[in-house]
Amino acid sequence: MSPNILSIAGSDPSGGAGIQADLKTIGANGGYGMCVITALTAQNTHGVDAVLPIDAQFVAKQLTSVSQDVHIDAVKIGMLANSQIVAAVAAWLETLSAPVVLDPVMIATSGDRLLETDSTLDALLTRADVLTPNTAELAALLGEEQVSNWEELVAQSGRLAAKYSVLVVAKGGHLPGDRCPDALVGPEGLIASFDSQRLSTKNTHGTGCTLSSALATQYALLGDWAAALGAAKNYLHAAIAAADELKVGSGHGPVNHFAALLPPVSSDPMAQWWRDIGQLREGIDELQFIIELSAGTLERERFEYYLAQDALYLQRYAQVLTQASTLAPQIEAQRFWAKGAQGILEGELQLHRSELRNLSPEPSDTTLNYVNHLSSCAGNYAELIAAILPCYWIYQDIGNRLSAANHPGHRYESWLSTYSSVEFDEATAQAINMVTEAWQLADPATRSRMWDAFRRSAEHELSFFAQSHAQGVDFSTA
Ligand SMILES: Nc1ncnc2c1ncn2[C@@H]1O[C@H](COP(=O)(O)OP(=O)(O)O)[C@@H](O)[C@H]1O
Ligand SMILES: Cc1ncc(COP(=O)(O)O)c(N)n1
(Lines give C-alpha, C1' and ligand atoms only; values in the text may rest on other atoms or scores of the structure.)
(Ligands and ions follow the chains in the order given, each with its own letter.)
Protein backbone atom coordinates (compact mmCIF):
# COMPACT_ATOMS: atom_id res chain seq x y z
CA MET A 1 0.00 0.00 0.00
CA SER A 2 1.26 3.51 -0.80
CA PRO A 3 2.28 5.44 2.32
CA ASN A 4 0.68 8.88 2.77
CA ILE A 5 3.39 11.51 2.80
CA LEU A 6 2.73 15.14 3.74
CA SER A 7 4.97 17.91 2.47
CA ILE A 8 4.82 21.20 4.39
CA ALA A 9 6.60 23.63 2.08
CA GLY A 10 6.50 26.65 -0.21
CA SER A 11 5.34 26.74 -3.81
CA ASP A 12 7.74 27.08 -6.73
CA PRO A 13 5.63 27.98 -9.78
CA SER A 14 8.40 26.84 -12.13
CA GLY A 15 7.87 23.34 -10.76
CA GLY A 16 11.45 22.37 -9.86
CA ALA A 17 11.61 22.96 -6.09
CA GLY A 18 9.20 23.30 -3.14
CA ILE A 19 5.89 21.45 -3.01
CA GLN A 20 5.90 20.84 -6.75
CA ALA A 21 9.20 18.93 -6.53
CA ASP A 22 8.01 17.17 -3.37
CA LEU A 23 4.75 15.89 -4.87
CA LYS A 24 6.51 14.59 -7.99
CA THR A 25 9.20 12.93 -5.87
CA ILE A 26 6.74 11.33 -3.45
CA GLY A 27 4.72 9.92 -6.37
CA ALA A 28 7.79 8.68 -8.22
CA ASN A 29 8.98 6.90 -5.04
CA GLY A 30 5.67 5.10 -4.57
CA GLY A 31 3.97 7.33 -1.99
CA TYR A 32 0.70 9.25 -1.98
CA GLY A 33 1.66 12.92 -1.85
CA MET A 34 -0.17 15.66 0.06
CA CYS A 35 0.92 19.24 0.70
CA VAL A 36 0.30 22.10 3.08
CA ILE A 37 1.50 25.33 1.51
CA THR A 38 3.44 27.73 3.74
CA ALA A 39 4.32 30.40 1.19
CA LEU A 40 3.87 31.37 -2.41
CA THR A 41 7.02 32.36 -4.20
CA ALA A 42 7.44 34.02 -7.56
CA GLN A 43 10.54 32.27 -8.91
CA ASN A 44 12.01 30.60 -11.94
CA THR A 45 15.24 28.85 -12.84
CA HIS A 46 17.19 32.10 -12.30
CA GLY A 47 16.06 32.94 -8.79
CA VAL A 48 13.32 34.08 -6.43
CA ASP A 49 11.58 37.37 -7.33
CA ALA A 50 9.13 37.57 -4.42
CA VAL A 51 7.78 35.66 -1.42
CA LEU A 52 4.25 35.81 -0.03
CA PRO A 53 4.00 33.89 3.28
CA ILE A 54 0.63 32.27 3.97
CA ASP A 55 -1.08 33.48 7.15
CA ALA A 56 0.18 31.21 9.99
CA GLN A 57 -3.36 30.50 11.24
CA PHE A 58 -4.31 29.37 7.78
CA VAL A 59 -1.27 27.09 7.65
CA ALA A 60 -2.51 25.59 10.95
CA LYS A 61 -5.99 25.20 9.44
CA GLN A 62 -4.60 23.29 6.45
CA LEU A 63 -2.61 21.01 8.77
CA THR A 64 -5.59 20.11 10.96
CA SER A 65 -7.91 19.60 7.98
CA VAL A 66 -5.53 17.02 6.55
CA SER A 67 -4.58 15.25 9.78
CA GLN A 68 -8.17 15.04 11.09
CA ASP A 69 -9.02 12.91 8.09
CA VAL A 70 -5.92 11.28 6.67
CA HIS A 71 -3.43 8.96 8.37
CA ILE A 72 0.03 10.46 7.78
CA ASP A 73 2.93 7.99 7.41
CA ALA A 74 5.73 10.56 7.18
CA VAL A 75 6.21 14.33 7.02
CA LYS A 76 8.71 16.34 5.05
CA ILE A 77 9.15 19.99 6.02
CA GLY A 78 10.73 22.52 3.67
CA MET A 79 10.40 26.30 3.39
CA LEU A 80 8.63 27.87 6.38
CA ALA A 81 9.14 31.58 5.56
CA ASN A 82 8.78 33.09 9.07
CA SER A 83 8.68 32.35 12.81
CA GLN A 84 4.86 32.44 13.07
CA ILE A 85 4.63 29.59 10.54
CA VAL A 86 7.45 27.72 12.37
CA ALA A 87 5.42 28.03 15.59
CA ALA A 88 2.18 26.86 13.93
CA VAL A 89 3.88 23.79 12.46
CA ALA A 90 5.66 23.02 15.76
CA ALA A 91 2.37 23.19 17.71
CA TRP A 92 0.63 20.91 15.22
CA LEU A 93 3.52 18.40 15.30
CA GLU A 94 2.91 17.91 19.04
CA THR A 95 -0.33 16.16 18.08
CA LEU A 96 1.37 13.81 15.61
CA SER A 97 3.72 10.84 16.03
CA ALA A 98 4.72 10.39 12.36
CA PRO A 99 8.44 10.50 11.42
CA VAL A 100 9.64 13.93 10.30
CA VAL A 101 12.36 14.91 7.82
CA LEU A 102 13.21 18.60 8.19
CA ASP A 103 15.01 20.30 5.33
CA PRO A 104 16.04 23.54 7.05
CA VAL A 105 15.50 25.71 3.99
CA MET A 106 16.87 29.17 4.69
CA ILE A 107 18.54 30.44 1.56
CA ALA A 108 17.86 29.13 -1.96
CA THR A 109 20.78 27.94 -4.12
CA SER A 110 20.28 31.22 -5.99
CA GLY A 111 21.14 33.13 -2.77
CA ASP A 112 17.58 34.37 -2.05
CA ARG A 113 16.23 34.21 1.51
CA LEU A 114 13.42 31.72 2.09
CA LEU A 115 13.30 32.15 5.89
CA GLU A 116 13.13 35.66 7.35
CA THR A 117 16.43 36.74 8.98
CA ASP A 118 15.06 37.06 12.52
CA SER A 119 13.36 33.63 12.48
CA THR A 120 14.75 30.42 13.97
CA LEU A 121 13.82 26.82 13.38
CA ASP A 122 14.69 25.89 17.00
CA ALA A 123 11.16 24.78 17.92
CA LEU A 124 11.29 22.13 15.18
CA LEU A 125 14.88 20.96 15.30
CA THR A 126 14.46 18.66 18.30
CA ARG A 127 11.12 17.28 17.10
CA ALA A 128 12.48 16.23 13.68
CA ASP A 129 13.92 12.75 13.20
CA VAL A 130 16.33 13.76 10.46
CA LEU A 131 17.72 17.14 9.34
CA THR A 132 19.00 17.63 5.79
CA PRO A 133 20.91 20.96 5.76
CA ASN A 134 23.26 21.92 2.95
CA THR A 135 26.74 23.13 3.96
CA ALA A 136 25.62 26.77 4.37
CA GLU A 137 22.55 25.85 6.44
CA LEU A 138 24.58 23.44 8.58
CA ALA A 139 27.08 26.16 9.46
CA ALA A 140 24.29 28.66 10.15
CA LEU A 141 22.45 26.26 12.48
CA LEU A 142 25.61 25.82 14.57
CA GLY A 143 26.87 29.40 14.27
CA GLU A 144 30.12 28.02 12.84
CA GLU A 145 32.18 28.60 9.70
CA GLN A 146 31.09 26.78 6.55
CA VAL A 147 33.32 23.72 5.90
CA SER A 148 34.94 22.86 2.60
CA ASN A 149 35.90 19.19 2.82
CA TRP A 150 34.12 15.91 3.48
CA GLU A 151 35.77 14.96 6.82
CA GLU A 152 34.95 18.36 8.30
CA LEU A 153 31.41 18.12 6.95
CA VAL A 154 30.82 14.76 8.65
CA ALA A 155 32.29 16.12 11.90
CA GLN A 156 30.17 19.27 11.76
CA SER A 157 27.04 17.21 10.99
CA GLY A 158 27.83 15.12 14.06
CA ARG A 159 27.90 18.28 16.22
CA LEU A 160 24.48 19.31 14.90
CA ALA A 161 23.11 15.80 15.51
CA ALA A 162 24.39 15.95 19.11
CA LYS A 163 23.04 19.46 19.69
CA TYR A 164 19.45 18.51 18.85
CA SER A 165 19.55 14.70 19.43
CA VAL A 166 18.61 14.00 15.84
CA LEU A 167 20.06 12.33 12.77
CA VAL A 168 21.67 14.60 10.19
CA VAL A 169 22.25 13.99 6.51
CA ALA A 170 25.68 15.38 5.57
CA LYS A 171 25.25 16.51 1.95
CA GLY A 172 28.33 16.82 -0.24
CA GLY A 173 26.53 18.67 -3.04
CA HIS A 174 28.32 21.98 -2.45
CA LEU A 175 31.81 20.56 -1.82
CA PRO A 176 34.48 20.78 -4.51
CA GLY A 177 35.65 17.65 -6.38
CA ASP A 178 34.28 15.04 -8.74
CA ARG A 179 32.59 12.96 -6.02
CA CYS A 180 29.28 13.81 -4.41
CA PRO A 181 29.05 11.83 -1.14
CA ASP A 182 26.15 11.98 1.33
CA ALA A 183 26.07 10.36 4.77
CA LEU A 184 23.74 9.67 7.66
CA VAL A 185 25.35 11.03 10.85
CA GLY A 186 24.14 10.63 14.43
CA PRO A 187 25.27 12.22 17.74
CA GLU A 188 27.94 9.49 17.96
CA GLY A 189 29.21 10.14 14.44
CA LEU A 190 28.98 8.51 11.00
CA ILE A 191 26.26 5.84 10.60
CA ALA A 192 26.27 5.15 6.86
CA SER A 193 27.78 6.89 3.87
CA PHE A 194 26.77 6.78 0.21
CA ASP A 195 29.26 7.94 -2.34
CA SER A 196 28.43 8.89 -5.92
CA GLN A 197 29.99 10.54 -8.88
CA ARG A 198 29.30 14.29 -9.27
CA LEU A 199 27.15 14.66 -12.36
CA SER A 200 28.12 17.39 -14.72
CA THR A 201 24.98 19.50 -15.19
CA LYS A 202 23.84 22.99 -14.23
CA ASN A 203 20.31 21.63 -13.72
CA THR A 204 20.24 21.01 -9.97
CA HIS A 205 17.42 23.35 -8.92
CA GLY A 206 15.44 21.62 -6.17
CA THR A 207 17.89 18.80 -5.38
CA GLY A 208 17.57 19.47 -1.63
CA CYS A 209 13.73 19.36 -1.77
CA THR A 210 13.88 16.20 -3.88
CA LEU A 211 16.31 14.38 -1.57
CA SER A 212 14.34 15.18 1.60
CA SER A 213 10.94 14.17 0.22
CA ALA A 214 12.41 10.96 -1.29
CA LEU A 215 13.96 10.25 2.12
CA ALA A 216 10.61 10.68 3.93
CA THR A 217 8.83 8.44 1.40
CA GLN A 218 11.52 5.76 1.43
CA TYR A 219 11.55 5.73 5.24
CA ALA A 220 7.79 5.16 5.29
CA LEU A 221 8.36 2.24 2.92
CA LEU A 222 11.53 0.73 4.43
CA GLY A 223 11.43 1.71 8.12
CA ASP A 224 15.20 2.30 8.27
CA TRP A 225 16.90 5.68 7.86
CA ALA A 226 20.18 4.44 6.38
CA ALA A 227 18.42 2.22 3.81
CA ALA A 228 16.01 5.05 3.04
CA LEU A 229 18.89 7.49 2.43
CA GLY A 230 20.58 5.02 0.07
CA ALA A 231 17.35 4.58 -1.90
CA ALA A 232 16.64 8.32 -1.94
CA LYS A 233 20.15 9.10 -3.17
CA ASN A 234 19.86 6.50 -5.97
CA TYR A 235 16.55 8.01 -7.02
CA LEU A 236 17.95 11.56 -7.00
CA HIS A 237 21.07 10.50 -8.90
CA ALA A 238 18.94 9.08 -11.75
CA ALA A 239 16.79 12.24 -11.72
CA ILE A 240 19.88 14.50 -11.96
CA ALA A 241 21.44 12.25 -14.63
CA ALA A 242 18.32 12.76 -16.80
CA ALA A 243 17.90 16.48 -15.96
CA ASP A 244 19.33 17.70 -19.26
CA GLU A 245 16.60 15.80 -21.18
CA LEU A 246 14.15 18.42 -19.88
CA LYS A 247 14.15 21.86 -21.40
CA VAL A 248 12.88 24.08 -18.56
CA GLY A 249 14.11 27.67 -18.41
CA SER A 250 17.52 29.12 -19.21
CA GLY A 251 18.99 29.18 -15.69
CA HIS A 252 19.46 26.27 -13.28
CA GLY A 253 16.75 23.89 -14.48
CA PRO A 254 15.00 21.17 -12.44
CA VAL A 255 15.91 17.51 -12.12
CA ASN A 256 13.91 14.93 -14.08
CA HIS A 257 11.71 13.49 -11.33
CA PHE A 258 10.09 10.77 -13.41
CA ALA A 259 13.25 9.70 -15.25
CA ALA A 260 13.19 6.16 -13.89
CA LEU A 261 9.49 5.65 -14.67
CA LEU A 262 9.46 6.85 -18.26
CA PRO A 263 10.60 4.87 -21.28
CA PRO A 264 13.75 6.42 -22.77
CA VAL A 265 12.82 9.43 -24.87
CA SER A 266 13.82 8.62 -28.41
CA SER A 267 12.77 10.88 -31.22
CA ASP A 268 14.21 8.34 -33.63
CA PRO A 269 13.01 4.85 -32.67
CA MET A 270 14.83 3.16 -35.57
CA ALA A 271 18.17 4.63 -34.45
CA GLN A 272 17.43 3.16 -31.02
CA TRP A 273 16.62 -0.28 -32.52
CA TRP A 274 19.82 -0.14 -34.57
CA ARG A 275 21.84 0.65 -31.45
CA ASP A 276 20.07 -2.10 -29.52
CA ILE A 277 21.12 -4.77 -32.04
CA GLY A 278 24.70 -3.43 -31.95
CA GLN A 279 26.07 -6.62 -30.39
CA LEU A 280 24.38 -8.81 -32.99
CA ARG A 281 25.82 -6.63 -35.74
CA GLU A 282 29.29 -6.94 -34.24
CA GLY A 283 28.72 -10.69 -34.05
CA ILE A 284 27.97 -10.78 -37.78
CA ASP A 285 31.11 -8.75 -38.59
CA GLU A 286 33.20 -11.24 -36.64
CA LEU A 287 31.82 -14.33 -38.43
CA GLN A 288 34.36 -16.44 -40.32
CA PHE A 289 32.08 -16.32 -43.36
CA ILE A 290 32.11 -12.51 -43.54
CA ILE A 291 35.84 -12.22 -42.76
CA GLU A 292 36.76 -14.81 -45.43
CA LEU A 293 34.33 -13.47 -48.03
CA SER A 294 35.80 -10.03 -47.56
CA ALA A 295 39.40 -11.29 -47.76
CA GLY A 296 38.65 -13.54 -50.74
CA THR A 297 39.78 -16.65 -48.84
CA LEU A 298 36.31 -18.22 -48.57
CA GLU A 299 36.17 -21.73 -50.03
CA ARG A 300 33.96 -21.97 -53.09
CA GLU A 301 31.91 -24.79 -51.50
CA ARG A 302 30.95 -22.68 -48.51
CA PHE A 303 30.15 -19.75 -50.76
CA GLU A 304 27.84 -21.88 -52.88
CA TYR A 305 26.18 -23.36 -49.82
CA TYR A 306 25.42 -19.84 -48.62
CA LEU A 307 24.16 -18.80 -52.06
CA ALA A 308 21.89 -21.80 -52.37
CA GLN A 309 20.34 -21.11 -48.97
CA ASP A 310 20.06 -17.44 -49.83
CA ALA A 311 18.21 -18.28 -53.05
CA LEU A 312 15.75 -20.46 -51.11
CA TYR A 313 15.35 -17.74 -48.52
CA LEU A 314 14.77 -15.04 -51.14
CA GLN A 315 11.98 -17.01 -52.82
CA ARG A 316 10.08 -16.98 -49.55
CA TYR A 317 11.18 -13.42 -48.75
CA ALA A 318 9.65 -12.26 -52.04
CA GLN A 319 6.35 -13.88 -50.97
CA VAL A 320 6.55 -12.12 -47.60
CA LEU A 321 7.14 -8.76 -49.33
CA THR A 322 4.08 -9.44 -51.48
CA GLN A 323 2.10 -10.07 -48.30
CA ALA A 324 3.35 -6.77 -46.87
CA SER A 325 2.20 -5.08 -50.05
CA THR A 326 -1.28 -6.62 -49.64
CA LEU A 327 -1.49 -5.48 -46.00
CA ALA A 328 -0.05 -1.98 -46.56
CA PRO A 329 -2.52 0.78 -45.70
CA GLN A 330 -1.37 3.26 -48.37
CA ILE A 331 -0.80 2.87 -52.07
CA GLU A 332 2.79 4.17 -51.84
CA ALA A 333 3.71 1.45 -49.37
CA GLN A 334 1.85 -1.18 -51.43
CA ARG A 335 3.91 -0.21 -54.45
CA PHE A 336 7.18 -0.15 -52.49
CA TRP A 337 6.88 -3.68 -51.09
CA ALA A 338 5.57 -5.07 -54.39
CA LYS A 339 8.53 -3.51 -56.17
CA GLY A 340 10.86 -5.13 -53.64
CA ALA A 341 9.33 -8.54 -54.35
CA GLN A 342 9.62 -8.01 -58.07
CA GLY A 343 13.26 -6.91 -57.75
CA ILE A 344 14.11 -10.16 -55.97
CA LEU A 345 12.28 -12.39 -58.45
CA GLU A 346 13.62 -10.69 -61.53
CA GLY A 347 17.04 -9.48 -60.41
CA GLU A 348 18.63 -11.11 -57.38
CA LEU A 349 17.49 -14.66 -57.97
CA GLN A 350 18.86 -14.53 -61.51
CA LEU A 351 22.18 -13.42 -60.10
CA HIS A 352 22.24 -16.31 -57.66
CA ARG A 353 21.50 -18.77 -60.45
CA SER A 354 24.34 -17.42 -62.57
CA GLU A 355 26.80 -17.94 -59.67
CA LEU A 356 25.53 -21.35 -58.64
CA ARG A 357 26.70 -24.55 -60.28
CA ASN A 358 23.89 -26.54 -58.72
CA LEU A 359 21.00 -25.25 -56.63
CA SER A 360 20.67 -27.01 -53.31
CA PRO A 361 17.17 -28.42 -53.27
CA GLU A 362 16.68 -28.45 -49.48
CA PRO A 363 16.44 -25.40 -47.20
CA SER A 364 18.49 -25.79 -44.00
CA ASP A 365 16.87 -25.58 -40.54
CA THR A 366 18.43 -22.11 -40.17
CA THR A 367 16.82 -20.91 -43.39
CA LEU A 368 13.48 -22.48 -42.46
CA ASN A 369 13.55 -20.93 -38.99
CA TYR A 370 14.12 -17.49 -40.46
CA VAL A 371 11.34 -17.70 -43.05
CA ASN A 372 8.97 -19.24 -40.51
CA HIS A 373 9.64 -16.31 -38.22
CA LEU A 374 8.79 -13.92 -41.05
CA SER A 375 5.56 -15.79 -41.80
CA SER A 376 4.63 -15.79 -38.11
CA CYS A 377 4.58 -11.98 -38.22
CA ALA A 378 2.31 -11.81 -41.27
CA GLY A 379 -0.90 -11.23 -39.28
CA ASN A 380 -0.08 -7.57 -38.69
CA TYR A 381 1.38 -5.09 -41.18
CA ALA A 382 3.51 -3.14 -38.69
CA GLU A 383 4.96 -6.30 -37.16
CA LEU A 384 5.60 -7.87 -40.56
CA ILE A 385 7.55 -4.93 -41.96
CA ALA A 386 9.55 -4.70 -38.71
CA ALA A 387 10.51 -8.36 -39.28
CA ILE A 388 11.34 -7.65 -42.93
CA LEU A 389 13.60 -4.67 -42.16
CA PRO A 390 16.82 -6.35 -40.87
CA CYS A 391 17.30 -8.18 -44.18
CA TYR A 392 17.43 -4.84 -45.98
CA TRP A 393 19.33 -2.91 -43.35
CA ILE A 394 21.94 -5.44 -42.24
CA TYR A 395 22.57 -6.51 -45.84
CA GLN A 396 23.11 -2.89 -46.86
CA ASP A 397 25.40 -2.27 -43.87
CA ILE A 398 27.58 -5.34 -44.51
CA GLY A 399 27.34 -4.81 -48.27
CA ASN A 400 28.96 -1.41 -48.07
CA ARG A 401 31.92 -2.83 -46.18
CA LEU A 402 32.23 -5.89 -48.43
CA SER A 403 32.15 -3.85 -51.60
CA ALA A 404 34.80 -1.54 -50.14
CA ALA A 405 37.03 -4.63 -49.75
CA ASN A 406 36.52 -5.55 -53.43
CA HIS A 407 39.31 -5.09 -55.99
CA PRO A 408 40.18 -6.37 -59.44
CA GLY A 409 41.22 -9.99 -59.18
CA HIS A 410 39.29 -10.58 -55.90
CA ARG A 411 38.05 -14.17 -55.87
CA TYR A 412 34.44 -13.00 -55.58
CA GLU A 413 34.85 -9.74 -57.48
CA SER A 414 31.69 -9.96 -59.60
CA TRP A 415 29.59 -11.06 -56.63
CA LEU A 416 30.88 -8.34 -54.31
CA SER A 417 30.30 -5.69 -56.96
CA THR A 418 26.58 -6.38 -56.63
CA TYR A 419 26.65 -5.83 -52.86
CA SER A 420 26.37 -2.08 -52.85
CA SER A 421 24.28 0.20 -55.03
CA VAL A 422 22.67 3.60 -54.74
CA GLU A 423 19.28 2.02 -55.55
CA PHE A 424 19.60 -0.46 -52.69
CA ASP A 425 20.70 2.30 -50.29
CA GLU A 426 17.59 4.26 -51.29
CA ALA A 427 15.32 1.24 -50.93
CA THR A 428 16.75 0.58 -47.45
CA ALA A 429 16.17 4.20 -46.39
CA GLN A 430 12.59 3.96 -47.65
CA ALA A 431 12.00 0.67 -45.81
CA ILE A 432 13.29 2.32 -42.59
CA ASN A 433 10.87 5.23 -43.17
CA MET A 434 7.94 2.86 -43.71
CA VAL A 435 8.66 1.06 -40.44
CA THR A 436 9.10 4.40 -38.62
CA GLU A 437 5.70 5.58 -39.89
CA ALA A 438 4.02 2.33 -38.82
CA TRP A 439 5.74 2.64 -35.40
CA GLN A 440 4.42 6.17 -34.93
CA LEU A 441 0.86 5.00 -35.54
CA ALA A 442 1.19 1.87 -33.39
CA ASP A 443 -0.06 1.45 -29.81
CA PRO A 444 2.51 0.48 -27.11
CA ALA A 445 1.72 -3.27 -27.33
CA THR A 446 2.20 -3.28 -31.12
CA ARG A 447 5.41 -1.25 -30.77
CA SER A 448 6.77 -3.84 -28.43
CA ARG A 449 5.82 -6.68 -30.83
CA MET A 450 7.44 -4.71 -33.69
CA TRP A 451 10.71 -4.45 -31.77
CA ASP A 452 10.54 -8.14 -30.95
CA ALA A 453 9.96 -9.04 -34.61
CA PHE A 454 12.88 -6.82 -35.67
CA ARG A 455 15.25 -8.19 -33.03
CA ARG A 456 14.38 -11.82 -33.84
CA SER A 457 15.02 -11.19 -37.53
CA ALA A 458 18.40 -9.66 -36.69
CA GLU A 459 19.21 -12.82 -34.71
CA HIS A 460 18.19 -14.94 -37.70
CA GLU A 461 20.48 -12.83 -39.91
CA LEU A 462 23.41 -13.76 -37.67
CA SER A 463 22.49 -17.47 -37.78
CA PHE A 464 22.03 -17.25 -41.52
CA PHE A 465 25.48 -15.80 -42.20
CA ALA A 466 27.00 -18.28 -39.75
CA GLN A 467 25.51 -21.41 -41.27
CA SER A 468 28.07 -22.08 -44.00
CA HIS A 469 30.66 -22.58 -41.25
CA ALA A 470 28.14 -24.30 -38.98
CA GLN A 471 29.28 -22.16 -36.07
CA GLY A 472 26.37 -23.29 -34.00
CA VAL A 473 24.72 -19.89 -33.62
CA ASP A 474 21.05 -20.74 -33.53
CA PHE A 475 18.41 -18.53 -32.00
CA SER A 476 15.54 -20.57 -33.38
CA THR A 477 14.18 -21.34 -29.91
CA ALA A 478 14.74 -17.82 -28.51
N1 LIG B 1 26.08 17.56 -9.50
C2 LIG B 1 25.58 16.63 -8.69
N3 LIG B 1 25.74 15.31 -8.98
C4 LIG B 1 25.24 14.37 -8.16
N5 LIG B 1 24.56 14.64 -7.04
C6 LIG B 1 24.36 15.94 -6.70
C7 LIG B 1 24.85 17.00 -7.50
N8 LIG B 1 24.51 18.18 -6.92
C9 LIG B 1 23.82 17.87 -5.81
N10 LIG B 1 23.74 16.53 -5.64
C11 LIG B 1 23.05 15.81 -4.58
O12 LIG B 1 21.86 16.52 -4.35
C13 LIG B 1 21.50 16.48 -2.97
C14 LIG B 1 21.31 17.88 -2.47
O15 LIG B 1 22.57 18.39 -2.20
P16 LIG B 1 22.99 19.89 -1.95
O17 LIG B 1 23.19 20.52 -3.28
O18 LIG B 1 24.17 19.80 -1.06
O19 LIG B 1 21.76 20.50 -1.17
P20 LIG B 1 20.78 21.72 -1.46
O21 LIG B 1 20.06 21.41 -2.75
O22 LIG B 1 19.89 21.70 -0.27
O23 LIG B 1 21.63 22.95 -1.55
C24 LIG B 1 22.61 15.69 -2.30
O25 LIG B 1 22.19 14.33 -2.22
C26 LIG B 1 23.77 15.82 -3.25
O27 LIG B 1 24.66 14.74 -3.13
C1 LIG C 1 9.57 27.06 -2.52
C2 LIG C 1 11.01 26.68 -2.47
N3 LIG C 1 11.45 25.83 -1.54
C4 LIG C 1 12.75 25.46 -1.50
C5 LIG C 1 13.64 25.95 -2.41
C6 LIG C 1 15.10 25.54 -2.36
O7 LIG C 1 15.52 24.99 -3.57
P8 LIG C 1 17.02 24.48 -3.81
O9 LIG C 1 17.03 23.01 -3.49
O10 LIG C 1 17.30 24.72 -5.28
O11 LIG C 1 17.91 25.27 -2.92
C12 LIG C 1 13.16 26.86 -3.39
N13 LIG C 1 13.98 27.39 -4.31
N14 LIG C 1 11.84 27.19 -3.39
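A residue is near a molecule or strand if its C-beta atom, placed from the backbone, lies within 6 Å of it. This sets the shells around the two ligands described below.

This is a predicted model, in which local features need pLDDT of at least 70, side-chain atom pairs count only at pLDDT 80 or more, and totals for chains, interfaces and linings use all residues. Residues are numbered from 1 along each chain as its sequence is written, while chains are lettered from A and ligands numbered from 1 in the order in which they are written.

**Ligand shells**

Ligand 1 has 19 residues around it. N134, G173, L199, T207 and G208 come nearest. Helix α8 provides the largest share, four residues. Helices (H or I, at least four residues) and strands (E, at least two) are DSSP runs, numbered from the N terminus.

Ligand 2 is surrounded by 18 residues. The closest are G10, A17, G18, A108 and G208. Here β1 and α7 each supply at least two residues.

Ala, Val, Leu, Ile, Met, Phe, Trp, Tyr, Cys and Pro count as nonpolar. Asp, Glu, Lys and Arg count as charged, and the others, Gly among them, as polar.

| Shell | Nonpolar | Polar | Charged |
|---|---|---|---|
| Ligand 2 | seven residues | ten residues | one residue |

**The sheet**

The chain has 18 helices and nine strands. An open sheet of nine strands runs in the order β3-β2-β1-β4-β5-β6-β7-β8-β9, with mixed pairing. β3 (47-53) and β9 (189-194) stand at the edges, each with a single partner strand, so one side of each has no neighbour in the sheet. Two strands pair if DSSP finds at least two bridges between them. Strands of a sheet pair through backbone hydrogen bonds, either parallel or antiparallel.

Strand β4 (residues 74-77) pairs with strand β5 (residues 100-102) in the parallel sense, over three bridges. I77 stands opposite L102 in β5. Helix α1 (residues 18-28) packs on the sheet and touches β1 (4-11), β2 (32-44) and β4. The direction of α1 makes about 160° with that of β1. Axes are lines fitted to C-alpha atoms, for helices over the stretch in contact, and angles run from 0 to 180 degrees between N-to-C directions. Two residues are in contact if their C-beta atoms, placed from the backbone, lie within 7 Å.

**Burial and single residues**

A residue is buried if 20 or more other C-beta atoms lie within 10 Å of its own, exposed if 12 or fewer, and partly exposed in between; C-beta atoms are placed from the backbone. Buried residues make up 42% of the 478 residues in the chain. Of the contacts with a separation of 6 or more, 69% join residues 24 or more positions apart.

A81 is not a glycine, yet has a positive phi of about 70°. A81 is in the loop between β4 and α3 (83-93). With 25 other C-beta atoms within 10 Å, A81 is buried.

S165 is not a glycine either, and has a positive phi of about 50°. S165 lies in the loop between α6 (150-164) and β7 (167-171). S165 is exposed, with 10 other C-beta atoms within 10 Å.

E282 is in helix α10 (residues 278-285). E282 counts as exposed, with 10 C-beta neighbours inside 10 Å. The C-alpha atoms of E282 and L462 are separated by 9.6 Å, although the residues are 180 apart along the chain.
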